[in-house]
Amino acid sequence: MFCIKCGREERTYDSLCASCYLQSNRFTRLPEHLDLQQCAHCDEYLMDKRWVKYDDESDAVCDHVSGNLQLREDGAIKDIEIGVESIDRKSYQVHVSALVRYEDLEIPEESGTLVRIKRNVCPKCNKIMGNYFESIVQIRPSNRRFSDEEREDVLRRATEYVEGIGKHSKEAFIAKVTQTHGGYDLYISTIALGKTLARELTSVYGAEHKESSTLHGRKDGQDIYRVTYLVRLPPYRVRDIIELNGRPYLVQSTGPQSAKLRSLRNGEKLTMANTGLRDVKVIGTRSDVLDAVVLTEGRRELQLLHPKTYKPVEIRKPQGFERTGDTVKVFPYEGELYLIGN
Ligand SMILES: [Zn+2]
Ligand SMILES: [Zn+2]
């Protein structure tokens, strides 16, 4: 037999000599990326529909790759070597050298893939967690309803906080989230975590929080309590504009005890205790702040093009204000234009 491509006379495979045949045929193949699911709670790995425990993660990566190595039906693996190299904490570069037998040939083939570890929850842990919680953090708005975006922002902050702690402790997780009363109920795995989460939210948003516990039952001769933390968010958020004593103020920051405000009338800074701001009226949010084109700038004032009426208006520059662009941020309120900043 001779090769129809190069004419060499020797044994052929699909009318090609071994060398020509192998130029256009491969037996092993790996996807560019492989995701390996790991349970965030029990650390088991999902290996082809089964959750399996591994002491060494690189062994799991190795098995996952060999399980996903595609082999042409008419070839057989005679020998395989898998090299696992960690790129960062959650991804591995994997190199595979396989020796494939096909008819009377033995062909060495190289391939590689990137394995990423993805956090997931195995069905067993999911079942335990869905029912198991020791505390509930109730997040509620006060007199003002929050937009979906604002609400989601609170939830994101809470989840990120718990996930951060969950990296070091398997006991820390949110078992369940429900939307209720314009806010959320977060079912938290432990009392300690519920408490620190409530404190964190209170501190970030300048909220107030209350704690109450109820007897839930007895286990091994001990009373089991469930603790509820009510976190009531203030009506305002950072960058909102509130009215205080009939004057507009920008909320510059919120904290556990007080909020920092800036008067939009004269730029004066003010620190107010959270308790003094519980019922304050929000007159504007981020979306009410507009860009205004600066026409001229004097020593003490700015002439702007009103973003709504397109008429030139003059406003006084707050002390220390230095413009950085062609426009400034303004807040129109009750016929007046207030400068928010750059
Ligand atoms: Zn040939
Ligand atoms: Zn698990």
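Good morning, everyone. One caution before we start: this is a predicted model. Keep that in mind throughout.

Let's begin with the overall layout. The protein chain is divided into domain 1 (26–120), domain 2 (132–232), domain 3 (235–286) and domain 4 (289–342). How far apart are the C-alpha centres of domain 1 and domain 2? They lie 40 Å apart.

Now the metals. Take the zinc ion (ligand 1). Which residues hold this ion? The protein donors are Cys 3, Cys 6, Cys 17 and Cys 20. Each gives its SG atom, and the donors lie 2.3 Å from the zinc. Look at the spacing along the sequence. For ligand 1 it reads C-x2-C-x10-C-x2-C. Cys 6 lies in the segment before β1 (12–13), and Cys 17 lies in strand β2 (residues 16–17), so the pair ties together parts that are eleven residues apart in sequence. Are these two buried or exposed? Cys 6 is partly exposed, with a relative accessible area of 41%. Cys 17 is buried, at 0%.

What about the geometry? The four donor atoms around ligand 1 subtend angles of 103 to 119°. To count as tetrahedral, four donors need all angles between 85 and 135 degrees. For reference, the ideal angle for four tetrahedral donors is 109.5 degrees.

On to the zinc ion (ligand 2). Here the donors are the SG atoms of Cys 39, Cys 42, Cys 122 and Cys 125. They sit at 2.2 to 2.3 Å. Their angles run from 104 to 115°, which makes this arrangement tetrahedral. Now check the spacing: C-x2-C-x79-C-x2-C. Cys 39 counts as buried, at 1% relative accessibility. Cys 42 is buried as well, at 13%.

Next, salt bridges. How many are there in the whole structure? A search finds 17. I'll show you three of them.

Start with Arg 11 and Glu 103. Their side chains meet at 2.7 Å, N to O. Arg 11 lies in the segment before β1, and Glu 103 lies in the loop between β9 (91–102) and β10 (105–120), so this pair ties together parts that are 92 residues apart in sequence. Arg 11 is partly exposed, at 43% relative accessibility. Glu 103 is partly exposed too, at 47%. There is also a network here: salt bridges link Arg 11, Glu 103 and Asp 104.

Next comes Glu 106 with Lys 78. This salt bridge spans 3.1 Å, N to O. Where do the partners sit? Glu 106 is in strand β10 and Lys 78 is in strand β8, 28 residues apart. Glu 106 is partly exposed, with a relative accessible area of 39%. For Lys 78, also partly exposed, the value is 46%.

The last pair is Asp 291 and Lys 329. Their salt bridge is 2.7 Å, N to O. Asp 291 belongs to strand β21 (residues 290–297), and Lys 329 to strand β24 (residues 327–333). That links distant parts of the chain, 38 residues apart. Asp 291 is partly exposed, at 45%. Lys 329 is partly exposed, at 31%.

Back to strand β8 for a moment. Ile 80 is in this strand, which covers residues 76–88. Ile 80 counts as partly exposed, at 34% relative accessibility. Together with Leu 71 and Ile 77, Ile 80 forms a nonpolar patch on the surface. The patch has about 200 Å² of accessible area in total.

Finally, the backbone. Asp 48 is in the loop between β5 (45–47) and β6 (50–52). Asp 48 is exposed, with a relative accessible area of 69%. Asn 245 also has a positive phi, about 50°, and is not a glycine either. Asn 245 lies in the loop between β16 (241–244) and β17 (247–254). At 73%, Asn 245 counts as exposed.

That's the tour. Thank you.

How values were computed. Residues numbered from 1 in each chain as written. Chains lettered and ligands numbered in written order. Predicted model: local features only at pLDDT ≥ 70, side-chain atom pairs only at ≥ 80, totals over all residues. Heavy atoms only, no water. Donors = N, O, S within 2.8 Å, 3.2 Å for Na, K, Ca; no water. Tetrahedral: all angles 85-135°; square planar, octahedral: opposite > 155°, others 65-115°. Helix = DSSP H or I, 4+ residues; strand = E, 2+ residues; numbered from the N terminus. Buried < 20%, exposed > 50% of the residue type's maximum accessible area, 1.4 Å probe, protein only. Patch = residues over 30% accessible without salt bridge, like charges linked within 9 Å, V, L, I, M, F, W, Y side chains within 5 Å. Areas by Shrake-Rupley, 256 points an atom, 1.4 Å probe, with all protein chains shown as cover. Salt bridge = Lys/Arg side-chain N within 4 Å of Asp/Glu carboxyl O. Domains from an automatic or database assignment.
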